[in-house]
Amino acid sequence: MQAEEKFTYETWPAEPEKATLEAKNKFLGFWFFLGGETVLFATLFATYLALKDKVPSADHALAKDIFEIPLAFAATMLLLTSSLTSVYAMYHMKNFNFKKMQLWLGLTVALGAAFLVLEIYEFYHYVHAFGHTFTSSAFGSAFYTLVGFHGGHVAFGLAWIITLMVRNSKRGLNLYNAPKFYVASLYWHFIDVVWVFIFTVVYLMGMVG
Amino acid sequence: MANQQPSSGNPRVDVAYRRKKSAEEMRYQIVSFTLMIFLTIVAFVAVGYEGFSGWFTVPFILLLAVVQVIFQLYYFMHMSHKGHEAPALFLYSGVVVGAVTILAFTTIIWW
């Protein structure tokens, strides 16, 4: 099977993300990368847990002062839903429906962008309402590094998916780009996996005290 | 053909089979998503509710997070499918190293 070969719905392979050698390598390599990302985020979580509420004096805001349920809940719902829309996109990719895949990827990008806007507002709010900045305390440094790194991953994921959508907009689906879309969707799900722990460990456990 | 599709030699039968398979998978994914939303809401409610002590809430919401992540990995990221032995090895190796790091960092500040 050639990567550039033209397919129809009938001839499209059942697992296009692993149909060529390059695709198999991408799949394996990407999961290896995700294993590394797991370690990266785990170390940031470890740092956060060790430095949570470590502030230089009593007038600094603590986790239970700054985190609020509505904001964390809204961000969580946006990102969780964007995970489902990217599942839909991959469903249409496997059914060789390029237009619908692009549509659902577009929705994923929109939800991801909304999440990012909310996060930027959140950081702005913490800085201005509580004086909680990257340099104000060890707690601040650990918080912004962990949550900011995740936000950076969201921004990178958005740029990645948009690039794929634009570059392949006239090409349609083939075995050259199907694995690329699949791997990008894996990355997007992984961002959501990390967020599940962020909303639990940082926000919810922060509010518990 | 070096093709990976389940081949009965009749493309129409294959397509019908695959369509059924994808519909089935989609059903699992919708169920996972509903459960994930449900677990999220339970976690937020548990924290918002004043009646529970932190000694109950924290392990409880951590457990909910782990369950939710398992759904995400096995259904949304397809780890329940065949051919995910190496991904599982990579991911769980990362989890082991990560868990040791978290254990070390949280115990070093204990006293």
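Me: What percentage of the 209 residues of chain A count as buried?
Reply: This is a predicted model, in which local features need pLDDT of at least 70 and side-chain atom pairs count only at pLDDT 80 or more, while totals for chains, interfaces and linings use all residues. Residues are numbered from 1 along each chain as its sequence is written, and chains are lettered from A and ligands numbered from 1 in the order in which they are written. A residue is buried if 20 or more other C-beta atoms, placed from the backbone, lie within 10 Å of its own, exposed if 12 or fewer do, and partly exposed in between. By that rule, the share of the 209 residues of chain A that count as buried is 44%.

Me: How many helices and how many strands does chain A have?
Reply: Helices (H or I, at least four residues) and strands (E, at least two) are DSSP runs, numbered from the N terminus. From the N terminus on, the elements of chain A run α-α-α-α-α-α, and its C-alpha atoms fill a box of roughly 65 × 30 × 25 Å along the principal axes. The secondary structure of chain A therefore comes to six helices and zero strands.

Me: What is the reach of α1(A), from its first C-alpha to its last?
Reply: The expected span of a helix is 1.5 Å times one less than its number of residues, and for α1(A), with 31 residues, this gives 45 Å. Just after α1(A), Asp53(A) takes a positive phi of about 65 degrees. The reach of α1(A) itself is close to the expected value, at 45 Å.

Me: How far apart are the end C-alpha atoms of residues 186–206 of chain A?
Reply: UniProt, in an unreviewed entry, places the feature "transmembrane region" at several stretches of chain A, including residues 28–51 and 186–206; such positions are given in the numbering used here, feature names are shortened, and annotations may be inferred rather than shown by experiment. Residues 28–51 of chain A are 100% helix and 0% strand, with end C-alpha atoms 35 Å apart. Residues 186–206 of chain A are also 100% helix and 0% strand, and their end C-alpha atoms lie apart by 29 Å.

Me: Which residues is Phe130(A) in contact with, leaving aside its neighbours within four places in sequence?
Reply: Phe130(A) lies in helix α4 (residues 98–130) of chain A, and it counts as partly exposed because it has 15 C-beta neighbours inside 10 Å. Two residues are in contact if their C-beta atoms, placed from the backbone, lie within 7 Å, and with its neighbours within four places left aside, Phe130(A) is in contact with Ala61(A), Asp65(A) and Ile66(A).

Me: Is Glu68(A) buried or exposed?
Reply: Glu68(A) lies in the loop between α2 (63–66) and α3 of chain A. Its C-alpha is separated by 7.4 Å from that of Met207(A), 139 residues away along the chain. Because 12 other C-beta atoms lie within 10 Å, Glu68(A) is exposed.

Me: Which helix supplies the largest share of the side of chain A that touches chain B?
Reply: The contact takes 45 residues from chain A and 47 residues from chain B. On the chain A side, α1 (21–51), α3 (69–94) and α6 (178–208) each supply at least two residues. The largest share of that side, 15 residues, comes from α1(A).

Me: How are α6(A) and α2(B) oriented to each other, roughly?
Reply: Axes are lines fitted to C-alpha atoms, for helices over the stretch in contact, and angles run from 0 to 180 degrees between N-to-C directions. α6(A) and helix α2 (residues 54–76) of chain B pack with their axes 10 Å apart, at an angle of about 175 degrees. Angles under 35 degrees count as roughly parallel, over 145 as roughly antiparallel, 65 to 115 as roughly perpendicular and the rest as oblique, and α6(A) and α2(B) are therefore roughly antiparallel.

Me: What percentage of the 111 residues in chain B are buried?
Reply: There are three helices and zero strands in chain B, which follows the pattern α-α-α along its sequence. Buried residues make up, of the 111 residues in chain B, 22%.
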